[in-house]
Amino acid sequence: MFFMLCIFLYFMAIILNAFFTVPHVRENPRYILFIHMLVNDLVYLTVSFFLFLSLLCAVYMPVLVCYTIITFSTCTFSITPYNLAVMSLERYVAICHPLRHAELCTAQRSSIAIAIMWTVGLIPQLPDFIAFCFTVEKRVFSISILCNWPLLIVNEVQVVLRTVTIVISFSVVVLIIGYTYIKVMLVAKRIDSGKSASKAGKTVLLHAFQLMLCMLSLLNSYTDKYLSPYFYYMPLINYFLLTCIPRFISPLIYGSRDEVLGKRMRNACTSQRSLSGNF
């Protein structure tokens, strides 16, 4: 896992360097959204790794601190599919409404979209917090516990809210990605020279694949519950396969297809091979 993390950080550093050193990349809404997704995934991996390590080492922490960390982790988890939906919409506007793309898709509007994502991600946490506070006694907040989401479930309303939020969020994202893919491919078939539209369609399809990878994390709780009694290392395997790998490969499967970022990544790999050959 450490090796995969190093590769992820290496390619992320290359992509961030390209983003901040190439002016037209820095002002492009598509790259802004992609960089936001990468940084969000890095934050999610960091927080989730901290939680996993605290459980593994049996580290106790105050209930309020634990609740805050898990709420932030849940929010960063939900941001990625929202980001994929917005990136699909950007491709839809670029292909289906090219004359309005410069007007609708700007760096400023991308920042507004990012702010809306975080707002939508945090809103479901408010009723959960209210349900939690109204159920537990005040003395509970001074208790230290192993930081795990099931230990913070003190009201059935929390489970319902979490389930409804996940179902609605992923359903809306699937509908948006599906709609944009169909519309982009219809444009690709209608125009004679549809290379850009076809490429945009493949990009949207890639977002659908990334969304599917994100949804793998939802299986974590079920596999832990039913398989952990039979496999001692199941939590570690789950965390690596269902949480880490989907985020690790995001810069590879998306960045490598991009003309600017892909060139930077290939040049970096070529340079590394040359240095290895010299030694």
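**View 1. Residues at the contact of helices H4 and H6 in a predicted model.** From H4, Phe 72, Cys 75, Thr 76, Ser 78, Ile 79, Tyr 82, Asn 83 and Val 86 meet Ala 113, Met 117, Trp 118, Val 120, Gly 121 and Leu 122 of H6; contact denotes heavy atoms within 4.5 Å. By class, this contact has 10 nonpolar, 4 polar and no charged residues (nonpolar: Ala, Val, Leu, Ile, Met, Phe, Trp, Tyr, Cys and Pro; charged: Asp, Glu, Lys and Arg; polar: the others, Gly among them). Residues are numbered from 1 along each chain as its sequence is written. In this predicted model, local features need pLDDT of at least 70 and side-chain atom pairs count only at pLDDT 80 or more, whereas totals for chains, interfaces and linings use all residues; side-chain values use heavy atoms, without hydrogens and water.

**View 2. Packing geometry of H4 and H6.** Helix H4 (residues 63–96) packs on helix H6 (residues 107–122) at an angle of about 135°, with the axes 9 Å apart. The two helices are therefore oblique to each other (angles under 35 degrees count as roughly parallel, over 145 as roughly antiparallel, 65 to 115 as roughly perpendicular and the rest as oblique).

**View 3. Packing of H3 and H4.** The axes of H3 and H4 come within 9 Å and cross at roughly 160°, which makes H3 roughly antiparallel to H4. By class, their contact has 16 nonpolar, 6 polar and 4 charged residues.

Key. Axes fitted to C-alpha atoms, helices over the stretch in contact; angles between N-to-C directions. Helix = DSSP H or I, 4+ residues; strand = E, 2+ residues; numbered from the N terminus.
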